[in-house]
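Please look through the structure below before reading on.

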Protein chains: 2
Amino acid sequence: MSKVLVFGHKNPDTDAITSAISFAYLQKQLGFEIEAVALGEVGEETQYALDYFKVDAPRVVETVANETDKVMLVDHNEFQQSVNDIADVEVLSVVDHHRITNFETANPLYYRAEPVGCTNTIIAKLFKEKDITIPKDIAGLMLSAIVSDTLLFKSPTCTDEDISIAKELAVIADVDIDTYGLEMLKAGTNLSDKSAAELLDMDAKSFPMADKNVRIAQINVVDVNDVLSIQSELEQEMLNENQAKNYDLFILVVTNILDSDSVILALGNPINAVEEAFNISLENNRALLKGVVSRKKQVVPQLTEALTK
Amino acid sequence: MSKVLVFGHKNPDTDAITSAISFAYLQKQLGFEIEAVALGEVGEETQYALDYFKVDAPRVVETVANETDKVMLVDHNEFQQSVNDIADVEVLSVVDHHRITNFETANPLYYRAEPVGCTNTIIAKLFKEKDITIPKDIAGLMLSAIVSDTLLFKSPTCTDEDISIAKELAVIADVDIDTYGLEMLKAGTNLSDKSAAELLDMDAKSFPMADKNVRIAQINVVDVNDVLSIQSELEQEMLNENQAKNYDLFILVVTNILDSDSVILALGNPINAVEEAFNISLENNRALLKGVVSRKKQVVPQLTEALTK
């Protein structure tokens, strides 16, 4: 059998990158010949974590069928968020914490999803179930992913399991969660010298909702004006993207990680579904969403429901 | 929260019925208010197991949204195999051992699939992970499902885990696997006084494959002539069903549980895909498939591939 490749979603965030690394390590201990790869370059937050724990970034791939016929997915399942030729390979296993949509296989497989805040929380449980020790560098990366996905436990996606596993990982990784975590999150908010197109692509995912194709980008900041100061450039780029990629709606969620609120900027159709989903009125295409920090739990289900009516 | 309902697939076999019972028991111990229900009457094999271990058959339901908004699925995920109003309720969790297709949720959920022979093998692992003791009657039903799904460990779907867990369950249930298992399997092959329509409906599932809608029924026998003696009535009924339910192909798999071969009877279009899938020539609409006993592993993937070309 050729080497198995494991990877997280496109536009990889810290969980997508590090869950591929931690899951590949686990599978190697279980006897698989496997390599963690990435569907895009790592962002600054992830690079901070990789540098801190002295781990190389995974190799970036555009396609996989040219080098393997078997893959494992982490931190995603929806095919449009996966590698372009996903339909040409067999998915052996999935570890994920998202809704399941637009995913199918011809054969039975391992699928492990739990409604927790971070894929690495589930992977940590798999290490325990298989009785395999987590090395210090891997533990540090797994902790980084939990901090990233839960915004230091402030996101409504965060569960008691995420917190207790993060505490265990912090002991192995020998870091103070709050100190390390805030430094890592801040590293991800360095937006200087990023163009509007780059900002919109940092952490963006596409979602089929009813008969609509919705693009939702999220940017973490310590001051929303770091992003919204170039609102007109962002809007022009969102309109370009809607046209070029056939998105019906493009929504940018700018999340302040210090006060745990978000401002959304939305363009496309049907725009009234956005207002209905969040019970807001857009002004100048914008609205404040108090207490919203989670795309998965506070944006996607609400918008799906509004568009399905 | 209203009571959660848990159920297996339509046309329930022994695993569909008993995995609902065993998973409901497990969830009750974990604090859920939950009831196992069924999407159809139990067959004779399942009734044998229920009688032996003195457990009542689950209540049969046609719809669920009229009494709950939250469900758990066992032994299936494909919506066309589930309750008719599945799209109107939230799926909290799935435990399954089949391919994933035509399944989607708006929210993250628990999903536990493993490529083992029987859903109850996975549920037995969940009991262990949660450190909950399996009572004798539940163990007997779980063992019955493993025997049923693996045809007493002869199916290629059977894994080492199925065998070792079946042995543990047999100790708890206090039965000899071979003696009890063969009696139970034989109870399921009592086809006397069943009409052609009833035979075709005993264990039938619908599968979307490429752009085709394929119906695959399977009947276990100790002599294939018990079924094939009424071939013309079966063919007439299969043609009626294809027309009435818009199936492109109807395939009946008659499996001899003693010699582990199957005879298939196939009608519909494209019929050459059936011949290509199994590398056979149909004569009188029939062919012998040597060593084929598993619809999931030896019929569905092969046919999916032939239809996808």
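To compare copies, one is superposed on the other by least squares on the C-alpha atoms of residues with pLDDT of at least 70 in both. Treated in this way, chain A can be laid on chain B with an RMSD of 0.0 Å, by a turn of 180° and a shift of 0.0 Å along the axis. The two copies are thus related as by a two-fold rotation axis, and in chain A the C-alpha nearest this axis belongs to A:Arg112, at 2.5 Å from it. Both copies use the same surface, since 100% of the contact residues of chain A recur in chain B, where contact means heavy atoms within 4.5 Å.

This is a predicted model, in which local features need pLDDT of at least 70 and side-chain atom pairs count only at pLDDT 80 or more, while totals for chains, interfaces and linings use all residues. Residues are numbered from 1 along each chain as its sequence is written, chains are lettered from A and ligands numbered from 1 in the order in which they are written, and side-chain values use heavy atoms, with hydrogens and water left out.

Chain A holds 12 helices and 11 strands, these being DSSP runs numbered from the N terminus (helices H or I, at least four residues; strands E, at least two). Along its principal axes, the C-alpha trace of chain A spans about 55 × 45 × 35 Å. Of the 309 residues in chain A, 60% are buried, that is, under 20% relative accessible area with a 1.4 Å probe, counting protein chains only. Among contacts in chain A between residues at least 6 apart in sequence, 64% join residues at least 24 apart.

In chain B, an open sheet of five strands has the order S7-S8-S9-S10-S11, with mixed pairing; two strands pair if DSSP finds at least two bridges between them. Strands S7 (204–209) and S11 (286–289) of chain B stand at the edges with a single partner strand each, so one side of each is left without a neighbour in the sheet. From one strand to the next, the twist averages 25°, with axes fitted as lines to C-alpha atoms, for helices over the stretch in contact, and angles running from 0 to 180 degrees between N-to-C directions.

Strand S10 (residues 261–268) of chain B pairs with S11(B) in the antiparallel sense over four bridges, and B:Val263 has B:Leu288 in S11(B) as its bridge partner. Helix H10 (residues 271–278) of chain B lies across strand S9 (249–256), S10 and S11 of chain B, and runs at about 155° to S10(B).

Technical notes: Buried < 20%, exposed > 50% of the residue type's maximum accessible area, 1.4 Å probe, protein only.
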